[in-house]
Amino acid sequence: MDGRILVLPGDGVGPEVLREARRVLAAIEELYGHRFDIIEGSMGAEAIERFGTPLPEETRKLAVSVDAVLLGAVGFAVQPANGPTVDPAKGLLELRELLGNYANLRPIAVPDTVVGTSPFRADHVRGVDLVIVREALGGIYYGRPRGIENGVAYDTEIYSEAEIRRIAESAFELARTRRRKVTSIDKANVLASSVLWRRITGEVAGQYADIEFASMFVDNCAMQLISNPRQFDVLLTNNMFGDILSDEAAVLCGSLGMLPSASVGGDVGLYEPVHGTAPDIAGKGIANPVGAILSVAMMLDLTFELPEEANAIGDAVARVLRDGYATADLWAAGGRAPVSTAEMGTLVVGALGTPKRAKREQRC
Ligand code: IPM
Ligand code: MN
């Protein structure tokens with residue numbers, strides 16, 4: 001057995017896209033001779049309805065006992081029969097915290113195979129290849145105090161030096177495996193937390209003389225992601241800026257549905273597409289499963305250290321897109337008719353081909 005995976009389909013399009021991701025994983029098991037023990041758990045609105053909480057104790061226990069968690073999407077604020085409205089998104093924040101996964105990695109690339117699906121001109125986005133390294137356990141998403149009292153609402157953006165240093169180190173280490181450039185995002189002209197962010201990231205940059213480093217204000221970055229996206233390699237952000245900029249950057253490659261993510265740093269990796277539950281298209285069988293499928297690739301690479309299998313999935317997705325197949329969110333005029341979620345899964349499985357038999361025999 002090669003490892004244990006907890007699958008949390010969640011809400012909305014989550015179960016639909018994970019179904020295809022699991023088919024791709026099953027094909028990889030078959031082709032490369034692996035076996036993963038897959039356990040399914042409850043999370044999100046679906047868990048609130050059954051257990052009154054978005055991250056039930058049972059799911060928490062499972063999550064810390066496996067090697068990796070594969071999540072679909074959580075959303076839809078629900079009102080349990082007896083109790084206050086609960087937002088399922090809280091379950092995701094709790095899960096990241098439980099697993100200690102402070103580094104949320106969100107790669108965004110526009111290879112030749114994808115340029116046709118981007119709403120941008122091909123020559124503007126061709127070759128974009130960046131990764132957002134988003135701090136995922138701190139900042140305003142977790143800061144206390146927080147509340148709404150007497151017509152006044154408040155949240156707390158809070159970062160310690162240690163929190164900034166560890167995520168900065170993740171970004172610089174990652175840059176060493178890429179084009180060796182880190183751009184750190186802040187709002188140091190206004191926020192105290194960003195002043196500290198700029199100071200500490202600058203200090204860490206000093207330990208990585210081989211990496212090009214720059215700080216950039218978040219508002220400027222929002223513009224530059226559109227006007228000159230190829231300049232970026234590793235974007236280092238706090239929790240909220242990374243959340244916002246990753247949705248924005250997704251458009252470069254055509255759709256939020258394309259993007260995978262990994263949350264790492266703790267013992268159990270958490271892998272999920274960047275998109276949400278997409279209630280408007282849930283249940284219609286038209287959601288794009290590519291983000292979920294590529295999240296499986298990230299899981300194989302980062303948790304199970306199977307880069308060949310991970311690359312095989314990336315290549316298969318690239319081949320399918322190159323051949324002009326696209327789900328409705330990616331639909332570019334003039335090509336084929338859009339394919340369904342399940343058809344996209346089938347195409348990717350078909351494109352996996354067979355690994356070199358000789359290589360497989362060598363291994364066994
Ligand atoms: C994301 C989502 C979550 C986040 C929400 C659902 C808590 O928007 O993964 O980007 O903000 O991290
Ligand atoms: Mn988000």
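The model is predicted, so local features need pLDDT of at least 70 and side-chain atom pairs count only at pLDDT 80 or more, while totals for chains, interfaces and linings use all residues. Residues are numbered from 1 along each chain as its sequence is written, ligands are numbered from 1 in the order in which they are written, and side-chain values use heavy atoms, with hydrogens and water left out.

**Shell around ligand 1**
- Ligand 1 is surrounded by Ala89, Leu93, Arg96, Arg106, Arg134, Tyr141 and Asp243, where a residue is near a molecule if one of its heavy atoms lies within 4 Å of it.
- This shell divides into three nonpolar, no polar and four charged residues, with Ala, Leu and Tyr among those that count as nonpolar, and Asp and Arg among those that count as charged.
- Domain 1 (1–103 + 256–364) and domain 2 (120–253) both give residues to the shell, so ligand 1 lies between them; the bounds come from an automatic or database domain assignment.

- An oxygen atom of ligand 1 is 2.6 Å from an N or O atom in the side chain of Arg96, and for the side chain of Arg134 the corresponding distance is 2.9 Å.
- Asp243 has a polar side-chain atom 2.9 Å from an oxygen atom of ligand 1.

**Backbone features**
- Most residues other than glycine have a negative phi, and most peptide bonds are trans.
- The peptide bond from Arg144 to Pro145 is cis, with omega near 5°.
- Ala278, a residue other than glycine, has a positive phi near 45°.

Notes: Polar contact = N/O pair within 3.5 Å; in protein donor to acceptor, adjacent residues only side chain to side chain.
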